[in-house]
Amino acid sequence: MSEPTAPPERSAPPVGSVVRLWHGWVETVHRSEYIEYMDRAGMSGYRETPGNLGAYIMSRDHEDGRSTIVTVSYWESFDAIRAFAGDEIDRARFEPEEEQYLVDREWIVTHFTVGA
């Protein structure tokens with residue numbers, strides 16, 4: 001039996017794919033805990049959905065004690081996003097325990113079609 005191999009790395013999503021982008025804010029002291037929770041509870045759902053090409057969490061700390069959280073996911077098509085998010089693809093999805101971390105959030109997500 002051979003060892004599993006990692007999928008090939010991509011420098012950019014393929015032309016015609018869709019990028020899904022969301023922003024939220026947490027207290028910086030809880031940033032790492034939130035990211036760990038979302039990696040287990042949320043990002044795995046993205047990554048396990050057929051048609052997902054990758055999903056990432058990014059953060060940026062601010063002087064006011066808050067951190068911006070950005071989730072970025074790459075999808076083969078809008079239909080693949082519907083399989084993950086339902087028919088209202090512009091509405092953000094939240095995991096059950098996110099409420100205890102988020103101090104503010106966007107309720108919608110933004111989609112971009114990759115052009116080049």
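1. How much accessible surface does the protein chain have, and what share of that surface belongs to carbon and sulfur atoms? The accessible surface comes to about 7500 Å², and 50% of it belongs to carbon and sulfur atoms, with areas taken from the Shrake-Rupley method and a 1.4 Å probe.

2. Please bear in mind that this is a predicted model, in which local features need pLDDT of at least 70 and side-chain atom pairs count only at pLDDT 80 or more, while totals for chains, interfaces and linings use all residues. Residues are numbered from 1 along each chain as its sequence is written, and side-chain values use heavy atoms, with hydrogens and water left out.

3. On the overall fold, the protein chain holds two helices and five strands (DSSP runs, H or I of at least four residues for helices and E of at least two for strands, numbered from the N terminus), and along the sequence these follow the pattern β-α-β-β-α-β-β. The C-alpha atoms fill a box of roughly 45 × 40 × 30 Å along the principal axes.

4. Of the 116 residues in the protein chain, 38% are buried, that is, under 20% relative accessible area with a 1.4 Å probe, protein chains only. Among contacts (heavy atoms within 4.5 Å) between residues at least 6 apart in sequence, 67% join residues at least 24 apart.

5. One cavity of 30 Å³ or more is counted, a cavity being a set of points on a 1 Å grid over the protein atoms alone where a 1.4 Å probe fits but cannot get out. The largest cavity holds about 130 Å³ of space, a volume being the space filled by probe spheres set on the points, which are joined across faces, edges and corners.

6. The largest cavity is lined by 15 residues, of which Met38, Tyr46, Thr71, Arg93 and Glu98 are the closest to its centre; lining residues have an atom within 4 Å of a point. Strand S1 (18–27) and helix H1 (31–48) each supply at least two lining residues, and H1 gives the most, with five.

7. Asn52, in strand S2 (residues 52–61), counts as buried because its relative accessibility is 14%. The side chain of Asn52 reaches the backbone nitrogen of Gly54 at 2.8 Å. Leaving aside residues up to four places away in sequence, Asn52 touches Tyr46, Arg47, Ser73, Tyr74 and Trp75; Tyr46 is also one of the residues closest to the centre of the largest cavity.

Conventions: Buried < 20%, exposed > 50% of the residue type's maximum accessible area, 1.4 Å probe, protein only. Polar contact = N/O pair within 3.5 Å; in protein donor to acceptor, adjacent residues only side chain to side chain. 1 Å grid on protein atoms, 1.4 Å probe; cavity = no way out; pocket = protein on both sides within 12 Å on 5 of 7 lines; lining within 4 Å.
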